[in-house]
Amino acid sequence: MQAKSLKFLQTNPKNLITSSFAETLKVAEVAKYLKLNYSILPDFRANEGDDLRSYKEELFELNKSLFEYYKHNSILISPINTILRKLPTKKYYKSLTLEFADTIDLDKLKETLVFWGYEVVSIIQEKGEVSFRGDIIDIYPINYDTPFRISLFDTEIENIRSFDEYTQKSIDEVESIEIIPAIAALDEEEYNQIQAKIDESKFDTFYKDYHSLGFWFLEKNQISDNYNLLYDMTREIEEYKSFHNLENFNYSIIPESECEDFKPVNIKEFIELNKDKKITLLAKNEILLKEKGIEYPFVESDAVVNIKCGDEFIVSLNEFKIKKRKNPVILLDDLKKGDFVVHETHGIGRFNGLKQIEVLGKKGEFAEILYANDDKLLLPIENLDLIDRYIAPGGVVPTLDKMGKSTFTKNKEKIKEKIFAIAADIIKLAAKRETIPPKPMKFDGVEEFIASAGFSYTPDQQKAVNEMIEEMKSRVMDRLLSGDVGFGKTEIAMVASFIAVNSGYQVAIVAPTTILVTQHYDTFMKRFANYDIKIAKVDRFTTTKQKKEIEAGLKEGEIDIVIATHSAFNLEYKNLGLVIIDEEHKFGVKQKEKLKNMVENVHLLSMSATPIPRSLNLALSKIKGLSALNTPPKNKQETRTFVKEYSDELIKEVILREIRRGGQVFYIYNNIASIELKKEKLQKLIPTLRILTLHAKLTPNQIEKSMCDFIDKKYDLIIATTIIESGIHIPNVNTVIVENADRFGIADLHQIRGRVGRGSNEGYAYFIVQDKEKISEDAKKRLLALEENSFLGSGAVLAMHDLEIRGGGNIIGTAQSGQIKNVGYSMYIKMLEDTLKELSGEKTTSKETEIKLNINAYISPEIIEDDRIRIEIYRRLAKAKSLDEVYDIQKEIIDRFGKIDKVTKNFFEKIKIKVIASQKGVISISNYGENITILYENDKKLIKAKAKDDEVILETILENLKD
């Protein structure tokens with residue numbers, strides 16, 4: 001296909017149409033190699049009336065390409081699916097240039113950007129957003145890969161800098177930027193006309209606004225009078241015509257080529273064997289040649305083109321880039337009024353928002369927390385690190401603690417004893433393993449085994465393999481491998497198994513359920529098909545006769561790898577060298593004891609689909625090796641999300657569409673009392689539907705048997721009360737429907753959405769509400785953030801945070817959910833980290849100084865309006881342990897929000913005092929007017945400031961502490 005397009009593109013045509021987006025990308029590489037001016041249209045599959053918030057990424061790509069095409073007359077490369085539709089006309093594609101030293105009319109600019117489809121937000125995280133904060137404008141134009149921050153001096157542009165949307169910090173200064181429309185370059189009149197049409201339309205979207213529907217009301221046309229097709233696509237064109245009005249679609253099929261697509265397996269060998277032929281070698285830099293040990297003249301190009309034309313070859317050393325997701329750094333803490341929080345001393349309370357309070361004529365900001373009997377705690381905002389969101393097992397609703405009562409402290413003490421025992425155990429086992437010499441392993445053949453996988457490893461997988469090999473060489477391995485389902489953990493486990501068997505040892509793989517055992521067994525059988533390695537499995541379906549044969553085979557060393565449920569702990573092995581345990585936290589206490597005895601002197605690899613917090617990671621890393629897989633596989637597609645109002649027609653259409661494409665459906669209905677009625681209703685809607693009901697009242701065996709049947713496609717749809725089991729890989733389920741989605745937390749919705757779109761098919765998530773008029777504006781916004789599918793949106797970060805916190809609680813194993821319920825996961829993990837550090841001989845952090853200064857100090861809402869952002873900054877400052885951290889945050893605030901005022905500056909000085917004083921062991925600092933008291937453990941210092949001014953008092957304390 002690349003070969004066919006090469007000859008044609010050299011004739012400089014207007015366009016070239018492919019049959020799929022994957023082909024479009026490959027043809028675009030040829031255009032890049034030929035240095036042509038080209039644009040690629042995305043695979044735009046939205047149907048008229050669909051909510052375009054769910055197709056935001058494609059819409060922006062489409063507009064960016066059409067702008068290039070209309071303005072620079074570029075060659076258009078497009079999948080057939082997109083080009084068959086009529087597309088917006090040239091008049092909508094203008095641009096706006098902002099340049100250093102320009103004078104701008106701020107109101108006019110704001111208006112233009114709104115008419116052009118930019119969404120006004122308080123913090124920028126995605127393309128198509130703009131934020132106005134005093135003399136700072138942040139904008140993420142859809143035609144750039146980074147957002148920009150524009151600083152004004154009055155109405156003049158003082159500077160323009162690109163910034164990182166993940167950290168919100170500025171990067172480079174630029175002279176000017178060109179902004180193109182996110183939806184269309186409309187003026188006020190056109191915008192109002194379209195808005196009126198949207199209001200009158202019958203389209204069913206959650207929000208009827210310009211962002212959701214505006215595109216459908218633009219004037220559109222076929223954008224060329226003749227199209228060049230890569231192949232004959234008459235069938236696709238005729239099929240489209242039968243559903244849509246399509247006139248004057250003229251096309252011709254491009255001629256065949258004598259060249260062919262060709263990619264050598266080993267480029268170095270290929271070049272050595274074909275020295276007499278003409279080879280054009282493409283590489284983006286010399287390093288790629290050095291890596292492969294190739295010495296040969298090359299053309300500097302980052303194109304990926306591999307073609308053979310007679311005795312001439314074009315061969316590329318470049319690889320297609322995997323879109324790597326950065327993990328957002330900023331957790332926009334969705335600490336909302338009414339959320340449960342845990343205070344280190346007072347226990348579980350309810351957050352009641354930030355309050356500005358005046359004490360003796362001086363203003364400060366406090367977090368108000370409500371306790372039992374309507375007691376209130378006003379927490380000075382610089383101590384925000386003393387509270388954490390309350391996260392509990394299985395959606396437990398906690399009871400509020402009583403302030404001043406010792407119940408919470410007693411609970412904490414009890415848990416601390418348990419944690420101490422767990423941590424001591426972990427450390428003892430690790431110390432014991434350190435003294436045992438590792439079983440000698442052979443590592444030859446590993447490279448070849450990896451090469452036979454049939455796909456390239458992600459960088460994370462490569463790193464995990466290297467870390468594992470290094471550890472096996474130096475000590476008895478104890479490594480935890482975490483990564484989402486489908487991110488390639490099993491492949492790493494198979495490399496470890498290959499090494500062990502190749503070195504003459506046996507391998508036991510233990511999983512908590514029959515389903516997982518079956519899935520691993522099938523994967524291992526396929527992967528080891530060409531090797532002389534004997535694999536067996538033991539689960540609930542293994543007959544007594546089969547089990548006896550397997551037991552004998554393991555004892556005599558005839559079986560190399562056994563994959564089993566917990567029965568693996570009771571088997572006898574001839575020469576066990578490696579144990580791999582999947583989802584360890586799902587095993588019971590007794591089974592874990594058996595595991596401990598089993599792995600005392602063999603290599604151990606634990607796998608988990610739940611991530612764990614970085615802080616716990618660090619505390620554990622002294623004892624355990626840790627590897628994480630964070631890169632999604634190449635063919636992983638995003639899940640499309642829709643927020644809709646309930647209607648029988650919609651539910652029927654969504655389920656049938658999934659079934660027509662051979663898939664299955666998850667239906668989340670969180671009400672066990674009426675789940676059977678719901679099932680009957682669905683059955684009436686679609687009589688042929690095969691429905692399976694799952695809920696907590698069924699036994700684990702019943703649930704497991706039902707899930708096996710579902711995986712074997714005996715059912716079309718599962719209706720369940722909560723999140724479907726995390727570790728299971730069911731690539732055939734690609735639609736999930738959540739009823740009453742407004743009653744779920746954002747982290748839960750994010751997790752539920754992650755259960756679909758696991759195979760190569762696109763996933764769909766439908767979040768259904770009963771009546772959109774009855775849900776709060778806040779809930780609407782939360783759902784909308786998910787619909788816009790932002791991986792980045794605070795929902796994802798929060799979900800990740802929640803997951804890590806829960807994962808941390810589980811990974812350590814014997815965490816009893818009853819105990820966790822009393823303090824919440826965050827507190828539990830903090831206690832665990834401190835205990836591990838203490839037992840490893842590390843110094844735990846010193847006690848924090850109490851700052852009781854009567855001064856005006858808080859982050860001014862005039863500088864940062866959004867409470868969420870203020871809370872996030874307060875939290876980071878409260879956790880700061882060094883002056884460098886405080887200065888970094890201060891620079892970031894000035895960068896993001898402009899110059900800071902007096903009270904905000906005072907707050908930063910107050911935090912600096914807290915940091916230095918804590919390092920110096922100061923117990924408390926207070927003042928009464930200009931008289932300042934600094935209290936040490938065995939000493940007390942009285943100082944007098946030169947004046948009563950807040951700034952003078954702060955300066956006096958800082959100078960004193962530095963001395």
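1. Helices (H or I, at least four residues) and strands (E, at least two) are DSSP runs, numbered from the N terminus. In these terms, Asp-105 is placed in the loop between strand S5 (96-99) and helix H5. The structure discussed here is a predicted model, and the points below should be read with that in mind.

2. Asp-105 belongs to a negative surface patch, whose other members are Asp-107, Glu-111, Asp-187, Glu-188 and Glu-189. Two elements, helix H5 (106-115) and helix H6 (188-200), each give two or more residues to this patch. Asp-105 itself has a relative accessible area of 49% and is therefore partly exposed, because the exposed class begins over 50%.

3. How many salt bridges does the structure hold? The total is 52.

4. Lys-241 and Glu-238 form a salt bridge in which the closest N and O atoms are 3.8 Å apart. Both residues belong to helix H8 (residues 234-243), where a spacing of three residues amounts to about one turn of the helix. Lys-241 is partly exposed at 36% relative accessible area, and Glu-238 is likewise partly exposed, at 42%.

5. The next example joins two strands. Between Glu-368 and Lys-355 there is a salt bridge, with 3.9 Å separating the closest N and O atoms. Glu-368 is part of strand S23 (residues 362-370) and Lys-355 is part of strand S22 (residues 347-359), so this pair ties together parts that are 13 residues apart in sequence. Is Glu-368 buried or exposed? With a relative accessibility of 8%, Glu-368 counts as buried, because the cut-off for that class is under 20%. Lys-355, by contrast, is partly exposed at 26%.

6. A further example joins a helix to a loop. The side chains of Lys-555 and Glu-572 meet in a salt bridge, at 3.9 Å from N to O. This pair links distant parts of the chain, 17 residues apart: Lys-555 is in helix H16 (residues 544-556), while Glu-572 is in the loop between strand S29 (561-564) and strand S30 (576-582).

7. Phe-203 is found in the loop between helix H6 and helix H7 (210-213). Its relative accessibility is 24%, which places Phe-203 in the partly exposed class. With neighbours within four places in sequence set aside, Phe-203 is in contact with Glu-48, Gly-49, Lys-208, Leu-213, Trp-216 and Phe-217. Leu-273 lies 70 residues from Phe-203 along the chain, and the C-alpha atoms of these two residues are separated by 63 Å.

8. Lys-920 is in the loop between helix H28 (902-919) and strand S40 (922-928), and counts as partly exposed at 40% relative accessibility. Apart from residues up to four places away in sequence, Lys-920 touches Tyr-936, Leu-961, Lys-962 and Asp-963. Thr-849 is 71 residues from Lys-920 in sequence, and the C-alpha to C-alpha distance between them is 9.2 Å.

9. Lys-35 is not a glycine, yet it has a positive phi of about 60°. Lys-35 sits in the loop between helix H2 (21-33) and strand S2 (38-40), and is exposed, with a relative accessible area of 72%. Asn-373, also not a glycine, has a positive phi of about 60°. The loop that holds Asn-373 runs between strand S23 and strand S24 (376-380). At 60% relative accessibility, Asn-373 is exposed.

Definitions and conventions:
Residues numbered from 1 in each chain as written. Predicted model: local features only at pLDDT ≥ 70, side-chain atom pairs only at ≥ 80, totals over all residues. Heavy atoms only, no water. Salt bridge = Lys/Arg side-chain N within 4 Å of Asp/Glu carboxyl O. Buried < 20%, exposed > 50% of the residue type's maximum accessible area, 1.4 Å probe, protein only. Patch = residues over 30% accessible without salt bridge, like charges linked within 9 Å, V, L, I, M, F, W, Y side chains within 5 Å. Areas by Shrake-Rupley, 256 points an atom, 1.4 Å probe, with all protein chains shown as cover. Lys, Arg positive; Asp, Glu negative; His and termini not counted. Charge placed at Lys NZ, Arg CZ, Asp CG, Glu CD. Contact = heavy atoms within 4.5 Å.
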